[in-house]
Amino acid sequence: MRAFAVFLACFCFAALAGCSREVAPPAGRWEGAYTSADAIIVARMEITGKGEIFVSAPNAENIGSAAAADRAAIRERLAADLAQGWDSVAPHPLDFDGKTFRKPGGIAPQAEWDSSSKQMTLIVYLGKGAGIRIPLRNVKTFSANPFAGA
């Protein structure tokens, strides 16, 4: 009976330790962009020292038939929308396990952090397709042109 009590206590301790694993997300600012034949996405992510996570990723879809001049205008509009709307972005509650950000209780990754390379990757889901992984670059301040350096 005593061995069972010790086993039960160890099991409960291990379960509690596994459930309470909280890792502080890395503080910083990241931005980037994605362009394909059919979509354009601009993105910003900021994690405050308090662990608040702000993300915005305006996009344009189904633009495969757009002319080059129209695509340039879409890029400019998305960049302007991102910059103008940033102050109204609310923090997103995301769970972080040291590598992957997920919605609370969710399965699909929303972002990934590679601590060895300091690389943040945002995952954007357009429709029901696979997520689009957008590598973000670390910035001190956000720029008006998230396509710079992309």
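This is a predicted model: local features need pLDDT of at least 70, side-chain atom pairs count only at pLDDT 80 or more; totals for chains, interfaces and linings use all residues.

Visitor: Which exposed residues does the face of H2 turned away from its buried side carry?

Guide: Helices here are DSSP runs of H or I with at least four residues, and strands are E runs of at least two, numbered from the N terminus. Buried means under 20% relative accessible area, exposed over 50%, and partly exposed in between (1.4 Å probe, protein chains only). On the face turned away from the buried side of H2, the exposed residues are Ala69, Glu76 and Gln84.

Visitor: Within what arc do the buried residues of H2 fall?

Guide: The buried residues of H2 are Arg71, Ile74, Leu78, Ala79 and Leu82. They line one face of the helix, because seen down the axis of H2 they fall within an arc of 130°. That arc is taken from the directions from the helix axis to the C-beta atoms.

Visitor: Which side chain of opposite charge is nearest to Arg71?

Guide: Arg71 lies in helix H2, residues 68-85. A salt bridge needs a side-chain nitrogen of Lys or Arg within 4 Å of a carboxyl oxygen of Asp or Glu. Lys and Arg count as positive and Asp and Glu as negative, with His and the chain ends not counted. Arg71 is buried yet has no salt bridge, and the nearest side chain of opposite charge, 6.6 Å away, is Asp38.

Terms used
Residues are numbered from 1 along each chain as its sequence is written. Side-chain values use heavy atoms; hydrogens and water are left out.
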